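Dear colleague,

Here is the structure I said I would pass on. My notes follow below it.

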Amino acid sequence: MKKSNIILIGMPGSGKSTLGVLLARAMNYRFLDTDLLIQEREGRLLHEIIADEGMKRFLEIEGEVNAGITAERTVIAPGGSVIYSPNAMLHFAEIGTIVYLHVPVTELEKRLGDLKRRGVVLKEGQTLEDLYEERRPFYERYAEVTVDVTKEDVGVILEEMVNKLKKVKG
């Protein structure tokens, strides 16, 4: 399978789903939100899976689902915790270009509501800032392209993303 896909990684609230739909439309690609695949496979919402199965099992399920995706010309938006699955991330690197949607933690705090209802994987006593600092090195390591998504104008963000992708994809 050739690298025809675009995979958006980043923290919850970074705009993977919102920007992913817009990017897919702009590039005439399909859009795939992998959280929906997980919920469909398990027959439950993300926060229900975490509550019922625990964080460790949720991460295993997330990794299995993401590592099994077959797609072409698709913008793929996995959950923010997919970076804990080396198999899923290796698979994504093989099938697409990985784009890190970077948002400072101060902005994320403004954007996010109830973290548990969003299906955000937090350890006992962990804050959003702790989670951000834990995940940021993974996002940076896996990313082929990094885009700052804090600009006010979504059109400017999309244009920057498309331009950076053209440079990487050739």
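In helix H5, which spans residues 86-95, the buried residues are Ala88, Met89, His91, Phe92 and Ile95. Please keep in mind throughout that this is a predicted model. These five residues of H5 cover an arc of only 160° around the axis, so they lie on the same side of the helix. The general rule behind this is that an α-helix has 3.6 residues a turn, so residues three or four places apart point the same way. Pro86, Asn87 and Leu90 are on the other side of H5 and are exposed. The cover over the buried residues of H5 includes strand S1 (5-9), H4, strand S3 (74-77), strand S4 (96-102) and helix H7 (128-142).

The sheet comes next. Five strands form an open sheet in the order S2-S3-S1-S4-S5, and their pairing is parallel. S2 and S5 are at the edges with a single partner strand each, so one side of each has no neighbour in the sheet. On average, neighbouring strands of this sheet are turned by 25° against each other, with direction ignored.

Going through the pairs in sheet order:

- Strand S2 (residues 30-33) pairs with S3 in the parallel sense over four bridges, and Leu32 has Ile76 of S3 as its bridge partner.
- S3 and S1 run parallel and are joined by two bridges; here Ile7 stands opposite Ile76 in S3.
- S1 and S4 are paired in the parallel sense over five bridges, with Asn5 opposite Gly96 in S4.
- S4 and S5 pair in the parallel sense over four bridges, and Asp148 in S5 is the bridge partner of His102.

Side chains differ in burial along two of the strands. In S3, Thr74 and Ile76 point one way and Val75 and Ala77 the other way, and all are buried.

H8 covers residues 154-169, and Val154 lies in it. Is Val154 buried, exposed or partly exposed? Its relative accessibility is 37%, so Val154 counts as partly exposed. Leaving out residues up to four places away in sequence, Val154 touches Leu19 and Leu22. Val154 and Glu72 are 82 residues apart along the chain, and their C-alpha atoms are separated by 25 Å.

The last item is a pair of helices. Helix H3 (residues 46-53) packs against helix H4 (residues 55-67) at an angle of about 130°, with the axes 7 Å apart. H3 and H4 are therefore oblique to each other. On the H3 side the contact is made by Leu46, Ile49, Ile50 and Glu53, and on the H4 side by Met55, Arg57, Phe58 and Ile61. By class, six residues in the contact of H3 with H4 are nonpolar, two are charged and none is polar. H4 is also among the elements that cover the buried residues of H5.

Regards

Definitions and conventions
Residues numbered from 1 in each chain as written. Predicted model: local features only at pLDDT ≥ 70, side-chain atom pairs only at ≥ 80, totals over all residues. Heavy atoms only, no water. Axes fitted to C-alpha atoms, helices over the stretch in contact; angles between N-to-C directions. Parallel < 35°, antiparallel > 145°, perpendicular 65-115°, else oblique. Contact = heavy atoms within 4.5 Å. Nonpolar A, V, L, I, M, F, W, Y, C, P; charged D, E, K, R; others polar. Buried < 20%, exposed > 50% of the residue type's maximum accessible area, 1.4 Å probe, protein only. Arc of directions from axis to C-beta. Pairing = 2+ DSSP bridges.
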